Amino acid sequence: MRDDRAMTFDSYVAEQLFERRVVLARGFLDEERATRTAAQLLTLEALAPDPIQLHLSCPDGTLGAALSLADTVHVLRAELTAVAVGEVSGPAVAVFAAAPVRIAYPHARFRLAEPKAPERTGTATEVDTYAQEYLRQRDDLVGLLAEATGRQAESVAADLRTGRFLTAEEAVGYGLAQRVSAGRSVR
């Protein structure tokens with residue numbers, strides 16, 4: 001039996017939300033956060049086929065982590081609703097776009113931004129190999145966003161290059177979000 005007095009407030013809140021099939025992904029979307037979020041989603045799916053909500057507030061992240069979590073979101077059999085809370089930017093937009101149901105809170109913001117490549121050192125051949133792989137992953141991001149929004153890949157790539165911001169309503173018009181939440185419940 002656990003000692004509730006030793007539980008931190010954050011872990012208590014996370015546990016309560018988890019029991020209600022809500023997963024939070026907040027902050028920079030790195031490998032650790034993506035892995036933890038994917039594990040929570042897969043655990044909830046294994047426990048029951050009931051709907052799951054993924055609340056995202058990720059103002060940037062690494063491309064590899066975002067594509068990894070987007071793959072998990074894409075293959076879940078449980079009904080998944082992604083909810084944009086706050087800012088969802090850069091590669092983290094791919095996670096939102098991968099969800100079958102995408103809702104934005106009224107003050108959510110999206111930034112379509114080309115992800116930054118990690119700094120690499122090594123031989124010229126090694127640096128070139130990393131660069132080619134990163135460009136391939138960027139193309140995967142463009143393809144995922146184009147498919148989710150119904151836009152041409154060239155248009156999405158241009159928006160990523162310029163760092164286009166979208167309000168919740170603009171995200172609906174863009175095809176990124178399906179609707180803006182109007183009430184207390186997103187279900």
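Colleague: In which sense do β4 and β6 pair, and over how many bridges?

Modeller: In this predicted model, β4 and β6 are joined by 3 bridges and pair in the parallel sense. Within that pairing, E87 stands opposite R109 in β6.

Colleague: Which sheet do those strands belong to, and what is its order?

Modeller: They belong to an open sheet of 3 strands, arranged in the order β4-β6-β7, and the pairing in this sheet is mixed. The edge strands are β4 (87–89) and β7, each of which pairs on one side only. On average, and with direction ignored, neighbouring strands of this sheet are turned by 15° against each other.

Colleague: And the sheet with 5 strands, what is the order there?

Modeller: That one is also described as open, with the order β1-β2-β3-β5-β8 and parallel pairing. Its edge strands are β1 (22–26) and β8 (179–180), and each of these pairs on one side only. At the β8 end, strand β5 (residues 101–104) runs parallel to β8 and is joined to it by 2 bridges, with R179 in β8 as the bridge partner of I103.

Colleague: Switching to helices, which residues of α6 are buried?

Modeller: In α6, which covers residues 153–162, the buried residues include V156, A157, D159 and L160. Seen down the axis of α6, the buried residues fall within an arc of 160°, so they line one face of the helix.

Colleague: What does that buried side pack against, and what sits on the face turned away from it?

Modeller: The buried residues of α6 pack against β6 (109–112), α5 (124–149), β7 (164–167) and α7 (168–174), whereas the face turned away from the buried side carries the exposed residues E154, R161 and T162. Following α6 comes G163, which has a positive phi, near 70°.

Colleague: How do α5 and α6 pack, in angle and axis distance?

Modeller: Their axes are 9 Å apart and the packing angle is about 115°, and α5 passes α6 in a right-handed crossing. On the α5 side, L141, V142, L145, A146 and T149 meet A153, V156, A157 and L160 of α6.

Colleague: Last topic, which residues touch the most other members of the largest nonpolar core?

Modeller: That core has 52 residues, and those touching the most other members are L41, L54, V73, F96, F110 and L176.

Colleague: Take L54, then: what is it in contact with, leaving aside neighbours within four places in sequence?

Modeller: With those neighbours left aside, L54 is in contact with V23, A25, T37, L41, V73, L80, T81, A82, V83 and V95.

How values were computed. Residues numbered from 1 in each chain as written. Predicted model: local features only at pLDDT ≥ 70, side-chain atom pairs only at ≥ 80, totals over all residues. Heavy atoms only, no water. Buried < 20%, exposed > 50% of the residue type's maximum accessible area, 1.4 Å probe, protein only. Helix = DSSP H or I, 4+ residues; strand = E, 2+ residues; numbered from the N terminus. Arc of directions from axis to C-beta. Contact = heavy atoms within 4.5 Å. Core = buried A, V, L, I, M, F, W, Y, C linked by side-chain atoms within 4.5 Å. Pairing = 2+ DSSP bridges. Axes fitted to C-alpha atoms, helices over the stretch in contact; angles between N-to-C directions. Left-handed = near helix turned anticlockwise from the far one by under 90°.
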